[in-house]
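Here is a colleague's note on the helix packing and a few local features. Please read the points with the structure open.

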Amino acid sequence: MSLTLSKQPPVLPDDDPGPQLRIVPVRRTGQWAAAVALLVLLALALVSVVRNDAFQWGVVGDYFATAAVLRGLWLTLWLTAAVMALGFALGTVLAVMRLSANPVLKAVSWGYVWLFRSTPILVQLLFWFNIGALYPEVLGVRTVDLMGPVTVAVVGLTLHEAAYAAEVVRGGILSVERGQIEAAQSLGLGRRRRLRRIVLPQAMRSIVPPAGNMLIGTLKGTSIVSIIAVQDLLYSVQLVYHRTYQVVPLLLVATIWYVVVTSLLSIGQYYVERYYARGSADAR
């Protein structure tokens with residue numbers, strides 16, 4: 001009778017960490033080569049833009065802070081703020097109507113969103129600009145006197161933005177957990193108070209990011225009002241280059257101002273998002 005002795009692994013002392021494994025980072029030679037090539041191309045493009053006399057950077061500096069350009073910039077900022085405030089106010093009402101149990105309110109809200117999202121904003125502006133052809137007088141006042149270019153711009157952009165804002169707010173409200181609403185109901189809070197004190201503060205986490213994108217999009221989208229002779233930033237530089245024929249440098253003036261303002265808005269959006277993300281896993 002033969003016995004087979006099995007070989008047992010050696011028992012290590014408690015303080016012996018065992019063999020150490022060396023961690024070798026993955027070499028990403030291709031990625032680094034692509035990054036270097038991209039940086040070189042960007043540097044060459046930047047040098048080409050700066051050294052190209054056709055851009056006329058001296059003219060850009062001369063007109064960058066002129067009174068006409070700053071007036072156009074101020075109107076652009078004012079128009080953006082007014083449209084966003086009015087658009088989200090109307091959009092919130094539409095979102096609440098869409099979430100209502102009343103089928104008429106739901107149908108009206110859905111129809112509004114469907115109509116204004118299906119029509120190009122340029123068509124809407126031109127329609128409101130020519131509304132006097134359909135209604136020459138409103139409440140005894142000539143429509144031409146009542147609906148000037150700036151008023152047409154505010155009305156047209158607001159009605160357009162409200163359709164998108166309604167969907168943003170509705171999505172934010174639906175993101176709130178049902179348990180939060182049920183807990184508020186158990187405390188006896190009314191519908192309006194639940195919406196104002198419980199639902200909307202939590203929905204802001206989902207509303208702020210797309211709302212920030214809408215704000216930046218509205219700022220740039222206001223340039224379309226130049227088609228109805230509203231003297232915004234773009235229209236102001238157009239008036240100048242129609243007189244001086246310096247098209248490229250004046251367009252650069254408008255471009256730089258748009259870049260500066262959108263950059264500031266993006267920074268503000270970051271801090272607003274971080275504020276409403278407090279106490280969540282997304283806070284950073």
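A crossing counts as right-handed if the near helix is turned clockwise from the far one by less than a right angle, and as left-handed if anticlockwise. The model discussed here is predicted.

1. Start with α3 and α9. Their crossing is right-handed. The two helices pack at an angle of about 140°, and their axes are 11 Å apart. Angles over 145 degrees would count as roughly antiparallel, and 65 to 115 as roughly perpendicular. α3 and α9 are therefore oblique to each other.

2. Which residues make that contact between α3 and α9? From α3 come Thr76, Leu77, Thr80, Val83, Met84, Phe88 and Val96. From α9 come Arg191, Leu195, Ile207, Ala211, Met214, Leu215, Thr218 and Leu219. Sorted by class, the contact of α3 with α9 holds 11 nonpolar, 3 polar and 1 charged residues.

3. Next, α7 and α9. Helix α7 covers residues 149-174 and helix α9 covers residues 191-221. They pack at about 140°, with axes 8 Å apart. α7 and α9 are therefore oblique to each other. The crossing of α7 past α9 is right-handed.

4. On the α7 side, the contact uses Glu161, Tyr164, Ala165, Val168, Val169, Gly172 and Ile173. On the α9 side, the residues are Leu195, Val199, Leu200, Ala203, Ser206, Ile207, Pro210, Ala211, Met214 and Thr218. The class count for α7 with α9 is 13 nonpolar, 3 polar and 1 charged. Look at Leu195, Ile207, Ala211, Met214 and Thr218 of α9: they are among the residues that touch α7, and they are also among those that touch α3.

5. His160 also lies in helix α7. Is His160 buried or exposed? His160 has a relative accessible area of 11%, under the 20% cut-off, and therefore counts as buried. Beyond neighbours within four places in sequence, His160 contacts Phe116, Thr119, Ile121 and Gln124.

6. Ala85 belongs to helix α3. Its relative accessible area is 51%, and Ala85 is exposed. Ala85 and Ala162 sit 77 residues apart along the chain, with their C-alpha atoms separated by 9.6 Å.

7. Helix α11 spans residues 247-276, 30 residues in total. How far does α11 reach from its first C-alpha to its last? The span is 43 Å, close to the 44 Å expected at 1.5 Å a residue.

8. The buried residues of α11 are Pro249, Leu250, Leu252, Val253, Ala254, Trp257, Tyr258, Val261, Thr262 and Gln269. An α-helix has 3.6 residues a turn, so residues three or four places apart point the same way. What do the buried residues of α11 pack against? Their partners are α2 (57-63), α3 (67-98), α9 and α10 (233-244).

9. Check two backbone angles. Gln56 is not a glycine, yet its phi is positive, about 55°. Gln56 sits in the loop between α1 (29-51) and α2. Its relative accessibility is 32%, so Gln56 counts as partly exposed.

10. Tyr245 is in the loop between α10 and α11. With 69% relative accessibility, Tyr245 counts as exposed.

Conventions:
Residues numbered from 1 in each chain as written. Predicted model: local features only at pLDDT ≥ 70, side-chain atom pairs only at ≥ 80, totals over all residues. Heavy atoms only, no water. Axes fitted to C-alpha atoms, helices over the stretch in contact; angles between N-to-C directions. Helix = DSSP H or I, 4+ residues; strand = E, 2+ residues; numbered from the N terminus. Parallel < 35°, antiparallel > 145°, perpendicular 65-115°, else oblique. Contact = heavy atoms within 4.5 Å. Nonpolar A, V, L, I, M, F, W, Y, C, P; charged D, E, K, R; others polar. Expected span 1.5 Å × (residues − 1). Buried < 20%, exposed > 50% of the residue type's maximum accessible area, 1.4 Å probe, protein only.
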